[in-house]
Amino acid sequence: PDDTRDGTFTGYRVLIGQFYHSGDMKAPIEALQMKGFQVDNVKSESEFVRELQSNRYQVAWVISSSSIETDTFVPTLLDFHAAGGAIFLFADNVPYVAHASAFLDTKFHITLTGNYPGNRILTRNHHGHSQAGHFVPHEMFTGIETLFEGVTICHPVCSMARSEPAMTTLATATNGQPCITAFAPPSGSSEGRLCLDCGFTKLFINWDSPGTPQFIVNASCWL
């Protein structure tokens, strides 16, 4: 991730479904393009579904809003993931969790809730275990020592008891709740990788916050 040269991902396509319309995506898109990704940014669910079904994309970003209008949205995203498509889910405080939460609920029985006024900086935990206000070593955090958690953030809640969590907690907000989680499919699975970020304001008003551009690019490369 951090040591990938500019242009390394030429030929890879990212589809961004920006359903929260208030943010300017210019900086994140330019950061992806520097690595060679071809990026398309759509703002309607119907266009997102149509593009995702074209089989032209390796990675999909989903930036959640407060409600889902299209019945085919979640099934199409599930099909994309089952066929090996990678997904970067972004949510924020309730109610701006709808798209990510509906997918996670269907896939893993995980829902998103909360409105924690974070606005603090997370630091690397070199010991490798979850701790409030820290992130653990992972490829996504290559070259990163500090990371902005987000302004008002949600967290995942699993509604079904599991012997192993469906997603791995990589970063824990300063309130002790997970704020960045990931899913890597088991060996032999055809599914794609997943990442969830519970504070999407870092894409817009906080793009220049510590670690943000590098994390967003690293995570997209890992996916």
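Lys202 and Asp197 join their side chains in a salt bridge, 2.9 Å from N to O (a salt bridge being a side-chain nitrogen of Lys or Arg within 4 Å of a carboxyl oxygen of Asp or Glu). Both partners are buried: Lys202 has 1% relative accessibility and Asp197 has 0% (buried is under 20% relative accessible area, exposed over 50%, partly exposed in between, with a 1.4 Å probe and protein chains only). Keep in mind that this is a predicted model, where local features need pLDDT of at least 70 and side-chain atom pairs count only at pLDDT 80 or more, while totals for chains, interfaces and linings use all residues. Residues are numbered from 1 along each chain as its sequence is written, and side-chain values use heavy atoms, with hydrogens and water left out.

**Other salt bridges**

- The whole structure turns up six salt bridges.
- Lys26 pairs with Glu30, with the closest N and O atoms 2.8 Å apart. The two sit four residues apart in helix α1, so about one helical turn separates them (helices, H or I of at least four residues, and strands, E of at least two, are DSSP runs numbered from the N terminus).
- Glu30 is partly exposed, at 38% relative accessibility.
- Lys107 and Glu191 also meet through their side chains, at 2.2 Å from N to O. That pair links distant parts of the chain, 84 residues apart: Lys107 is in helix α4 (residues 98–108), and Glu191 is in the loop between β11 and β12 (194–197).
- Lys107 is partly exposed, at 25% relative accessibility.

**The sheet**

- Ten strands make an open sheet with mixed pairing, in the order β2-β1-β3-β4-β12-β11-β10-β7-β6-β8 (two strands pair if DSSP finds at least two bridges between them).
- β2 (38–42) and β8 (146–148) are the edge strands; each has a single partner, so one side of each has no neighbour in the sheet.
- β7 (residues 134–135) and β10 (residues 168–172) run antiparallel and are joined by two bridges. His134 has Thr172 as its bridge partner in β10.
- Thr181 sits in strand β11 (residues 178–183) and is buried, at 4% relative accessible area. Beyond residues up to four places away in sequence, Thr181 touches others including Pro156, Met167, Leu170 and Cys195 (contact means heavy atoms within 4.5 Å).

**Core and aromatic rings**

- The largest nonpolar core has 71 residues, and Phe48, Trp61, Leu203 and Phe215 touch the most other members (such a core is a set of buried Ala, Val, Leu, Ile, Met, Phe, Trp, Tyr and Cys residues joined through side-chain atoms within 4.5 Å). Helix α5 (residues 212–222) gives the most to this core, six residues.
- There are 17 aromatic pairs in the whole structure (rings of Phe, Tyr and Trp, the last by its six-membered ring, pair if their centres lie within 6.5 Å; planes under 30 degrees apart are stacked, over 60 edge-to-face and the rest tilted).
- Trp61 and Phe88 have ring centres 5.6 Å apart and planes at 75°, so they are edge-to-face. Trp61 is in strand β3 and Phe88 in strand β4 (residues 86–90), so this pair ties together parts 27 residues apart in sequence.
- Phe88 and Phe215 are edge-to-face too, at 6.2 Å centre to centre and 90° between planes. Phe88 in β4 and Phe215 in α5 are 127 residues apart.
- Phe215 is buried at 0% relative accessibility.
- Ring pairs link Trp61, Phe88, Phe90, Phe135, Phe141 and Phe215 into a cluster.
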